Amino acid sequence: MILRGKNLDFVILLDVYGDVLTLRQRDFLELYYCNDLSLSEIAEDEGVTRQAVRDSIKRGEQILADLESKLKLAEKIKGCREIFNKVEELALRADIPEIAGLAARGKELL
């Protein structure tokens with residue numbers, strides 16, 4: 001995934017809340033953020049105007065940002081990952097591979 005100058009936060013929010021968007025919004029956001037296509041490239045591929053793509057992406061971004069401001073799920077997931085990382089690190093230092101393995105599995109589930 002290449003994110004030159006694009007906001008990685010929206011990729012995370014798309015992963016967490018993407019199912020609440022319309023199919024078109026989700027597709028455009030994925031093409032823009034995950035596939036690193038420009039608005040013009042998406043418009044050409046989809047047979048719509050650049051402005052239609054921009055409007056759809058902006059509306060999708062607003063929905064994702066509003067959901068995160070209310071629910072804070074992405075923030076909570078990030079916090080859980082940090083805890084799992086610390087538990088795994090401490091378990092490896094203490095030579096407790098079972099706990100390190102559980103922490104690694106916990107990270108995979110998030």
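In which loop is K72 found? To answer this in the viewer, select K72 in this predicted model: the residue is found in the loop between α4 and α5. Display its backbone torsions next. The phi of K72 is near 55°, a positive value in a residue other than glycine.

Continue to D95, which is found in the loop between α5 and α6. Here too the residue is not a glycine, and its phi is positive, at about 60°. D95 has a relative accessible area of 64% and is therefore exposed, the cut-off being over 50%.

Now select I83, V87, I96, I99 and L102 and show the surface. These residues form a nonpolar patch with about 410 Å² of accessible area together. The elements that contribute two or more residues to the patch are α5 and α6 (97–109). Centre the view on L102, which is found in helix α6; its relative accessibility of 48% makes L102 partly exposed.

Finally, turn to the largest pocket, whose volume is about 270 Å³. Select its lining: D9, I12, L13, A65, E68, A74, E75, I77, K78 and R81. Two or more lining residues come from each of α1 (8–17), α4 (50–71) and α5 (73–93). Colouring by class then shows five nonpolar and five charged residues in the lining, with no polar ones.

Notes: Residues are numbered from 1 along each chain as its sequence is written. This is a predicted model: local features need pLDDT of at least 70, side-chain atom pairs count only at pLDDT 80 or more; totals for chains, interfaces and linings use all residues. Side-chain values use heavy atoms; hydrogens and water are left out. On a 1 Å grid over the protein atoms alone, a cavity is a set of points where a 1.4 Å probe fits but cannot get out, and a pocket is an open set with protein on both sides within 12 Å along at least five of seven lines; lining residues have an atom within 4 Å of a point. Grid points are joined across faces, edges and corners, and a volume is the space filled by probe spheres set on the points. Helices (H or I, at least four residues) and strands (E, at least two) are DSSP runs, numbered from the N terminus. Ala, Val, Leu, Ile, Met, Phe, Trp, Tyr, Cys and Pro count as nonpolar, Asp, Glu, Lys and Arg as charged, and the others, Gly among them, as polar. Patches are made of residues with over 30% relative accessible area and no salt bridge: like charges are joined within 9 Å, nonpolar side chains (Val, Leu, Ile, Met, Phe, Trp, Tyr) within 5 Å. Accessible areas come from the Shrake-Rupley method with a 1.4 Å probe; for residues, only the protein chains shown count as cover. A salt bridge is a side-chain nitrogen of Lys or Arg within 4 Å of a carboxyl oxygen of Asp or Glu. Buried means under 20% relative accessible area, exposed over 50%, partly exposed in between (1.4 Å probe, protein chains only).
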